Amino acid sequence: MVNRLVVAAPASGSGKTTVATGLMAALRRAGSRVAPFKVGPDYIDPGYHSLATGRPGRNLDPVLVGEHRIPGLFAHGAKGCDIAVVEGVMGLFDGRVDTAGVGSTAHVAKLINAPVLFVVDARGQSRSLAALLHGFRGYDPTVRLGGVILNQVGSERHEQVLRSACDEVGLDVLGVLPRDPQFSLPSRHLGLVTAAEHGQEAVAAVDAIAAAVAKHVDLDAVRALASSVPSMAVAAWEPQVEPVADEPLIAVAGGAAFTFGYAEHVEVLKAAGAAVAVVDPLNDENLPKDTAGLVLPGGFPEQHAEALSGNVKLREAVARFARSGAPVHAECGGLLYLARSLDGHPMCGVLDADGFMTPKLTLGYRDAVASTGSPLHPPGSRVTGHEFHRTQLSTPHSTPPAWHWRGVDSRPVAEGFVAGGVHASYLHTHPAGDPEAVARFVRACHPFVAGAADGTVFA
């Protein structure tokens, strides 16, 4: 596998995204071909990684896809690159709740046999940094801390004290970033503002971070750390699905309102024989001609509710398409778009529910069972997905719902909608974890290919 390193931290808010994105961009500008990755289910950071590298940002999530797929997915995303930079999630050992760190940054670092570049927010710290580093390095010696980036350093004297603390525990300092607000990225209620929404300002932010990293981080030392890895022969992941012959056209919502998708989703759709066209619900007034299936991924439709509502022609086209029985796969933001309304703004009206913002964050992995047959899943199918939203629906599910799972109090939870060809849910899933579900969706589009007989049954 390619030269590689993982950017981790003691806790969220330490500056992992800033450092990882800046490293990716600075290495690219210095002539490297950089493969970007993010640990966990996050959709937002990979958008900035893509800006920094010019390549699709990809996720490595053992919970969603199974740990056995992680090395292959890494090799798949790193094809043709010189170096891979993997941004971690939360603190180094933070994984799925009530597990021994499953899905954590440390877990992924071990699966791909990569050293860790440790980012520490140095505000309020001096010699105590030595104790922190000693504790993290000793907690699991099979995770190799290969160096430290000191972030938010206040002065030259502060830097000297921190370097001495690192020397005490034998960890090299590979970079020192001073306190500077221009190095931060804009935040919002679910994390960062997506790169697609922030537009030119996102490009400017990545430029500023790249310049700071190039100035304050020893890129040669970073490259040396990334190259200090054993060689591994790993077969790159490929979607093992049988393609259909008629190449159904599947429209996938994109643009600023629908950015929450995994790069592998389109790859599996194409491997299953589909042609893919992107439609922007903020600007396009019609679905592409001969559309036989529709994918509505997640995103921030709540930030664009007025504009989405104002595009009446596309809302009506989506409603007609969904009511025809054709396959529609909607996740989270896509679910809200299919509702009657979102924060009082009319939406597509396909689902008998209204969406609205709440102060409560719903977040976590779910082990779900399909309650009824749909274009994606036969009844009884089991998947692991992820919820991440601050909205709720006035009616949380249809009868029967899309999913059942056990809540944190072990009570059964019903969620999502299945009606005709529509499968709509808050649950985000990763297509590499269940490529057959994507292939099933493509096959379900066959009756709606131009010239084919109408009507289908999902069992």
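1. In this note a residue is called buried when its relative accessible area is under 20%, exposed when that area is over 50%, and partly exposed in between, with a 1.4 Å probe and protein chains only. The model is predicted, so local features need pLDDT of at least 70 and side-chain atom pairs count only at pLDDT 80 or more, whereas totals for chains, interfaces and linings use all residues. Residues are numbered from 1 along each chain as its sequence is written, and side-chain values use heavy atoms, with hydrogens and water left out.

2. Cys332 sits in the loop between β13 (328-331) and α14 (333-338), where helices (H or I, at least four residues) and strands (E, at least two) are DSSP runs numbered from the N terminus. Because its relative accessibility is 5%, Cys332 counts as buried.

3. Leaving aside residues up to four places away in sequence, Cys332 touches Gly298, Phe388, His389, Ser425, Tyr426 and His428, contact meaning heavy atoms within 4.5 Å.

4. Seven strands form an open sheet with parallel pairing in the order β3-β2-β4-β1-β5-β6-β7, two strands being paired if DSSP finds at least two bridges between them. β3 (58-60) and β7 (173-178) are at the edges with a single partner strand each, so one side of each has no neighbour in the sheet.

5. Within this sheet, β1 (residues 3-8) pairs with β4 (residues 83-87) in the parallel sense over five bridges, and Val7 has Glu87 as its bridge partner in β4.
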